[in-house]
Amino acid sequence: MEKVLIITYYWPPAGGPGVQRWLKFVKYLRDFGIEPVVYIPENPNYPLLDDSLENEIPEGITILKKPIFEPYQIAGLFSKAQTKTISKGIIAAEKNQSFVQKSLLFIRGNLFIPDARKFWIKPSVKFLKTYLKEEGIKKIITTGPPHSLHLIGLKLKQELDLKWIADFRDPWTQIGYHKKLKLTESSKKKHLNLEREVLNSANQIITTSFTTKAEFKEKTSKPISVITNGFDAEENEAQTNELDGKFSISHIGSLLSERNPENLWKALAELVKENSDFEKDLELKLAGTVSEEVISSIKSTGLGDKLQLLGYVSHNQAIALQQKSSLLLLIEINSEETRGIIPGKLFEYLMSKRPILAIGPQKWDVQQILEETDSGEYFQYSARNKLKGVILSQYKKYKEGDANFVKGEISQYGRKNLTEELASLIKSV
């Protein structure tokens, strides 16, 4: 088989959606004539852990490891809790930021460009240059964020005769939190220059969204393909037809301070006051890290007794929760920069065949997928009355005993089909 080196920061036992994209690609690449070799840090500082994902690493895969120095360990001496929060991408609103958090954000944005994993670039290039030559591997893939990994690919491309694919799971300079890093003008230019150099040096670029592809096309003439995240059909074998006894509305994943649809909470609170049966049946389940702003917002509407904070759940637990819920929430920050963010959990939501209630920015890429698969409805943040009407409609189906499983065509988002697309791309580069 043709060998390809995959350079990734996130790998089991890391938890969360970031690890699953390339874990699943690696799981299926051999089926399409590609032998993956994976390069990861030996001692990473993962904000989330999920040991269950280690069971999905294919037998016999070569995994290379090299130590990494991460300044989060030093920053933790000042405030371990705030350092961990920032490393998860949870940044409080400006008015709620402490002096320590403001300082950490400034340091993170201006001293560690493109990110705090920059110290892994030099030793990785030195090690991989020798390894690639010895093994005769001519193709590499880098995936970010962290975008430091793309700089490893850039250096290797400059020094060796190889083909390089740069995979962007999220945008770089146009991602929502970028503006919160308190960047100086000089730092902004450095980010933009590095992004431009990566985009114009890679042989092939992959994005996970249509908007990011469009944005990158304005910065480079290099070929760009969209390969979204997806779901693993093998995990669907345990599909259950049993729903919660309650009318459960669930969200799986982080809810940042700006990912707070106040009109949704108000719509639910109004339905609770207007409908005694709804009041008895409603459960609001949030799994994952939830910011204090979101919790306070929910409680302020009187929904505190309906709220269940489940904390981080394993991948398998998340799948079970999705399958048993009456409605699944997909929520994104309401800004132009987030139009191209398609959360990985969308595709697992599709697999669960439960109706999706998506709330996000105008012209959100998610709307296209929901309409294509007939799997749910999309709303802007202001759509309070429309939200209320759809929730009530779904509740009536629940009361009538209608399991309401989604029946749209979703196979194109299966991990194996997406891996076949990737393998074709690797072979053609």
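Author: Pro-145 is placed in the loop between β4 (139–144) and α6, and Pro-146 is found in that loop between β4 and α6 as well. Helices (H or I, at least four residues) and strands (E, at least two) are DSSP runs, numbered from the N terminus. The model is a predicted one, in which local features need pLDDT of at least 70 and side-chain atom pairs count only at pLDDT 80 or more, while totals for chains, interfaces and linings use all residues. Residues are numbered from 1 along each chain as its sequence is written, and side-chain values use heavy atoms, with hydrogens and water left out.

The bond from Gly-144 to Pro-145 is cis, with omega near 10°, and the bond from Pro-145 to Pro-146 is cis, with omega near 0°.

Helix α5 (residues 121–135) and helix α6 (residues 148–159) have axes 9 Å apart and pack at an angle of about 45°. Here axes are lines fitted to C-alpha atoms, for helices over the stretch in contact, and angles run from 0 to 180 degrees between N-to-C directions. The two helices α5 and α6 are therefore oblique to each other; angles under 35 degrees count as roughly parallel, over 145 as roughly antiparallel, 65 to 115 as roughly perpendicular, and the rest as oblique. The crossing of α5 and α6 is right-handed, a term used if the near helix is turned clockwise from the far one by less than a right angle, whereas anticlockwise gives a left-handed crossing. From α5 the contact draws on Ile-121, Ser-124, Val-125, Leu-128, Lys-129 and Leu-132, and from α6 on Ser-148, Leu-151, Ile-152, Lys-155, Leu-156 and Glu-159. Contact means heavy atoms within 4.5 Å. By class, the residues in the contact of α5 with α6 are 7 nonpolar, 2 polar and 3 charged. In this division Ala, Val, Leu, Ile, Met, Phe, Trp, Tyr, Cys and Pro count as nonpolar, Asp, Glu, Lys and Arg as charged, and the others, Gly among them, as polar.

Two residues of this pair may be followed further. Val-125 lies in helix α5 and, at 8% relative accessibility, counts as buried. Buried means under 20% relative accessible area, exposed over 50%, and partly exposed in between (1.4 Å probe, protein chains only). With its neighbours within four places in sequence left aside, Val-125 is in contact with Ile-152, Lys-155, Leu-156 and Glu-159. Between Val-125 and Ile-391, 266 residues apart in sequence, the C-alpha to C-alpha distance is 53 Å.

The largest nonpolar core has 61 residues, and those with the most contacts inside it are Leu-5, Leu-128, Leu-132, Ile-152 and Leu-156. Helix α1 (residues 17–29) gives the most to this core, namely 6 residues. A nonpolar core is a set of buried Ala, Val, Leu, Ile, Met, Phe, Trp, Tyr and Cys residues joined through side-chain atoms within 4.5 Å. Ile-152, again leaving aside neighbours within four places in sequence, is in contact with Ile-7, Trp-120, Ile-121, Ser-124, Val-125 and Leu-128. Another core, of 32 residues, lies apart from the largest one, and among its members are Leu-264, Val-272, Leu-303 and Tyr-381.

The axes of α1 and helix α16 (residues 415–428) cross at roughly 75° and come within 9 Å, which makes α1 roughly perpendicular to α16. The contact is made by Gln-20, Arg-21, Trp-22, Lys-24, Phe-25, Tyr-28 and Leu-29 of α1, together with Arg-415, Lys-416, Leu-418, Thr-419, Leu-422, Ala-423 and Ile-426 of α16. The contact of α1 with α16 comprises 8 nonpolar, 2 polar and 4 charged residues.

Helix α13 (residues 345–352) is mostly covered, with 8 of its 8 residues buried. What covers the buried residues of α13 includes α1, β8 (247–252), α12 (315–324), β11 (327–331), β12 (356–359) and α14 (365–373). After α13 comes Lys-353, whose phi is positive, near 65°.
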